[in-house]
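I want to look at the ligand site and the chain contact today.

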Amino acid sequence: MRGLAVAQAELTSFDRQFHARCALQRPDRYRLLDALPVDAPRIARGGGVSYVGASFGDGVVSQSLDAFDRLLAFDAAAGRLTVEAGARIGDLQRFLLGRGWYLPVTPGHPRATVGGCIAADVHGKNPARDGTFRAWVDALVVHRPGEEPRVADRTHDADLFAATFAGFGLTGTISSATLRLARPPHALVLRRVPVASLAEAARVLREAANAPVLYGWHDGGAAHFGRGVVNIGLASSEDDEGAPRVPPASADLPAQVAPLPFPLWNRAGLGAANRWLDWRWRRAGQAPMALAEALFPLNRARLYFAGFGPAGMAEAQWLVPHPRFEAFAAGLAELVTRTRPRIALIASKLFAGVADGFSFDGSGIALAIQVASPGSPGERAFLEALAELAVAHDGRPNLIKDSTLDAGMARRAVSGFDAARARRARHDPHRLHGSELARRLAL
Amino acid sequence: MTAVVVGASSGLGRALAGELARRGQPLLLVASDARDIEAIGADLRIRHDAVVRCLALDLAREADPGARMTAALEALPPVTSVLLAVGLSRGDDDFGLDASRIGELLAINLHAPLAIVHALLPRLRETRGVVVLFSSIAAVRGRGRNVVYAAAKRGIESMYESLRHRHAGAELRVQLYRLGFLATNLTHGMRLPMPAVEPVDVARVVADRLQRGSARWYLPRRFALVAAIVRLLPWGLFRRMRA
Ligand SMILES: Cc1cc2nc3c(=O)[nH]c(=O)nc-3n(C[C@H](O)[C@H](O)[C@H](O)COP(=O)(O)OP(=O)(O)OC[C@H]3O[C@@H](n4cnc5c(N)ncnc54)[C@H](O)[C@@H]3O)c2cc1C
Ligand SMILES: NC(=O)c1ccc[n+]([C@@H]2O[C@H](COP(=O)([O-])OP(=O)(O)OC[C@H]3O[C@@H](n4cnc5c(N)ncnc54)[C@H](OP(=O)(O)O)[C@@H]3O)[C@@H](O)[C@H]2O)c1
C-alpha cells in the first residue's frame, strides 16, 4: 500500500527494565492504520512513556499513533472535545487551559497520549475526587484488523468500550475519543501537611478527599520510613491573573530520560536526597501553586530519573483497601527495616472507585514505590516480598507500571483476572495484539 | 488570500498547511483520502480559526485535477500560492517496475503538478501569485535507484525553468526547493547517509519566503554542497555509490 513503511527500532520501557529491537510503523494517514497484513501481530503505541513494555514486544509491530494528534471537534460551551488518540496530554492542557477548560485526570507525564491514558485507565492528581480517565470519556473509535472501525460508548458496543479501558491496547487501536472537560480551578493554594508515617498520611488523605490535588511523598529509607508530606491543592477564591498558563512543550519531561552513566541513587545518594526533601518540603505551610505545576510536577524531575543510571528503576504500585491499610503499612515498615531496599520515593494517593477488568481502581490507599536497580538480588527479593505482603492485605497491583510482576502474581492479585482475560479474548480472538506486558502477565 | 497545498495529508504538505493556517492564510487542502484532510482541516479550524476547504482527489487517477481544484476554489478568496508537496517514491523503483507502476509514479510526481499549474495559472497571474515546487536531491544525478522518481523530479525542475521563461517575475513567481532528507513516512525505515530534517522546520522556511521573488534553493542548505560533490564525482566513483 502507498505509504506503508516499517522500520526496525530499539525501544525501551521508561523504567529501563525491558529493551527490544522491534518493528515500528508510524502511520500518518487513516488507510495506513489498517495497512498491515491482517494476521500481523501488532500493538498501538502512544507516547511510549509507560514504565513497562506495554507498547512493543518481540515479534510484534508497534504502531505509533504520533501523527494522529488532531483536534476533531471542540464544543467550547458544553466542554466536549473529540480528539485523535495520539494527542499528548500536555499539549491538550495547553490548548484547553487557554480556553477555560481542562482535563481533570492526567498522569504525571505530559507526553502520555489520550490513547495511552485510556488503555491504561490512568489516574490523576486525586482519583478519589475525579475517578480514573474512563470517567471522562464519552465515546471511542476502535480499529481492529480486517474490520471496519467501531464506534463504542456506554450504550453502543458497551462491552468493547469497557474492555478498552485498562485494555492495554489489546482490544484494538483507538483512533479517536470524545472527552468531557471540566472547568479548572481559578487558582490553587498548596497546603503541606507533614506526616510521621504512612498510617498518618492515610488519615490526612481521607480527610481531604475533595481537594482537586491530593498526594503524599514519603521517605522510603529504613531510618525514617513513611515520614513525609501530604500535598493538598485547594481551589482558592483569590483572583487569578488571567488564564492559567502551562509552560511550552519544550519544558515537558522527555519521553526517555537519558540515564547518568553511574547511579546517583545508591544508599548515600538516597540518604542525602531524603534529607534535602525533608528540609525543603516537610514543613506545614500554605502557598499559591500554579495549576501547571500541580498537573506536571515531574517536568522538573529529569535529574531524578536520570539518577537511576543504566540499571534503571521499577515502580511497584499497590492499592490496599482502607480496613487493611494500617496493617499493610506496618508490615511494609518492618520489611524495609529488615531488607533495606534502595527505595527512591514513595507516593501515596486516595482512591474511591470500583475496579473493572485489569484496571487499577478500588477504594483505599495506593502506594507507588520507586526502587533503584530492581534487578539486584536485594531489591528483587524486596519487591517479591512486597507483592506477597500486598496480596495478603487484599492489595491490587497497577499492572501497567510494575515490570517486576509475573503472570502468577497478576492472577492472584487482580480479582476478576480470569474474567478480564476472557473479555480481552472475546475482543481479540485470534490474539492479533501483543506486547511484552501481555506476554509476561499472560493477559 | 488562499494557498493551495497539494499533498497536504502528511509530511511536508501537512506541516505547510499548519504553518500557513497559523499565519492566518485561507487554505485549500488536497490529498487522496478525505478522512485525512478533513481531520487536518478540523484541527486547523479549531486551533487557528482558519478558513479551510478540503478536496479529496486521487492524483494517480484523476484525469483533470486542475478542473476539480478550480471549482473548489470558487468558495475561497483569490488564490495567491500553490504549494506542490505531493510526491511518491518506492523502494523497488530500480528498473523493476511494470508500466502501470511507472505511470503511477509519473502521474503523482509530474503529471499532477503540471496539470494543476496549467489550470491555476490564469488565477495566479491575476494575483502575482507564487508556484512552489519541490524537487529532490535524488534528481541531481541519475542512479540505478529512484529511476522514475528522479526523472519526474527532473521534469519538475524543467517546469520551474519553463514557468520562469514564459512569465516575467512581475506576473508570476516560481520557487523551487531541492530537498534533502525529511523525517517523513517517505524515509521511515531507510538507512540515510545523513540525518533527516523535520518537515515543520522546512515548512517554516518555505512560508517565510513565500512573499519573495522567484528562486531555487537547497533545503537544508548543506545539500547544496552534497549535490555539488555528487555532480563532480568521477564516473568510476559515482557508479559505486549505493546509498
Ligand atoms: C513519569 C511518569 C509519570 C506517570 N504518572 C502517572 C500517573 O500519575 N497516573 C497514572 O495512572 N499513570 C502514570 N504513568 C503511567 C503512564 O501514564 C501510562 O503508562 C500511560 O499509558 C502512558 O501513555 P502513552 O501514551 O505513553 O502510552 P504507551 O506507553 O505508548 O502505551 C501504553 C499502553 O497504551 C496502549 N495504547 C497507547 N495508545 C493506544 C491507542 N491509540 N489505542 C490503543 N491502545 C493504545 C499501548 O498499547 C500500551 O498498552 C506515569 C508514567 C511515567 C513515566
Ligand atoms: N521525504 C524526503 O526525504 C524527501 C526528499 C526530497 C524530496 N521530497 C519531496 O518533498 C515532497 C513532500 O514529501 P513528503 O516526505 O512530505 O511526502 P509524504 O509524507 O509521503 O507526502 C506525500 C503527499 O502526497 C500525497 N499523494 C501521494 N500520492 C497521491 C495521490 N495519488 N493522490 C493525491 N495525493 C497523493 C499524499 O497524500 P495521500 O497519500 O493522502 O494521498 C501526501 O499528502 C514530495 O514532493 C517529495 O517528493 C521528499
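Which side chains meet in a salt bridge, A:Asp69 with what partner? I looked it up, keeping in mind that this is a predicted model. The partner of A:Asp69 is B:Arg14, at 2.7 Å, N to O. The count between chain A and chain B is one salt bridge. I also got eight residue pairs in polar contact across that interface, both residues at pLDDT 80 or more.

Next I checked which parts of chain A touch chain B. Strands E1 (6-12), E2 (19-25) and E5 (71-75) and helix H1 (30-33) of chain A each supply at least two residues. E5(A) gives the most, with four residues. By class, I noted 13 nonpolar, two polar and nine charged residues on that side of chain A.

Then the totals. The contact takes 24 residues from chain A and 21 residues from chain B. The two chains bury about 1,900 Å² between them, with 50% of it on carbon and sulfur atoms. A:Arg2, A:Arg70 and A:Leu71 supply 31% of what chain A buries against chain B, more than any other three residues.

On to ligand 1. I find 35 residues around ligand 1, and A:Ala44, A:Gly46, A:Ser50, A:Thr113 and A:Ile174 are the closest. An oxygen atom of ligand 1 sits 2.7 Å from a backbone N or O atom of A:Gly46. The side chain of A:Thr113 has an N or O atom 2.7 Å from a ligand 1 oxygen atom. For a nitrogen atom of ligand 1, I noted a backbone N or O atom of A:His123 at 2.9 Å. The protein covers 98% of the 960 Å² of accessible area that ligand 1 has on its own.

Technical notes. Residues numbered from 1 in each chain as written. Chains lettered and ligands numbered in written order. Predicted model: local features only at pLDDT ≥ 70, side-chain atom pairs only at ≥ 80, totals over all residues. Heavy atoms only, no water. Near = heavy atom within 4 Å. Polar contact = N/O pair within 3.5 Å; in protein donor to acceptor, adjacent residues only side chain to side chain. Areas by Shrake-Rupley, 256 points an atom, 1.4 Å probe, with all protein chains shown as cover. Contact = heavy atoms within 4.5 Å. Buried area = accessible area lost by both parts, 1.4 Å probe. Salt bridge = Lys/Arg side-chain N within 4 Å of Asp/Glu carboxyl O. Nonpolar A, V, L, I, M, F, W, Y, C, P; charged D, E, K, R; others polar.
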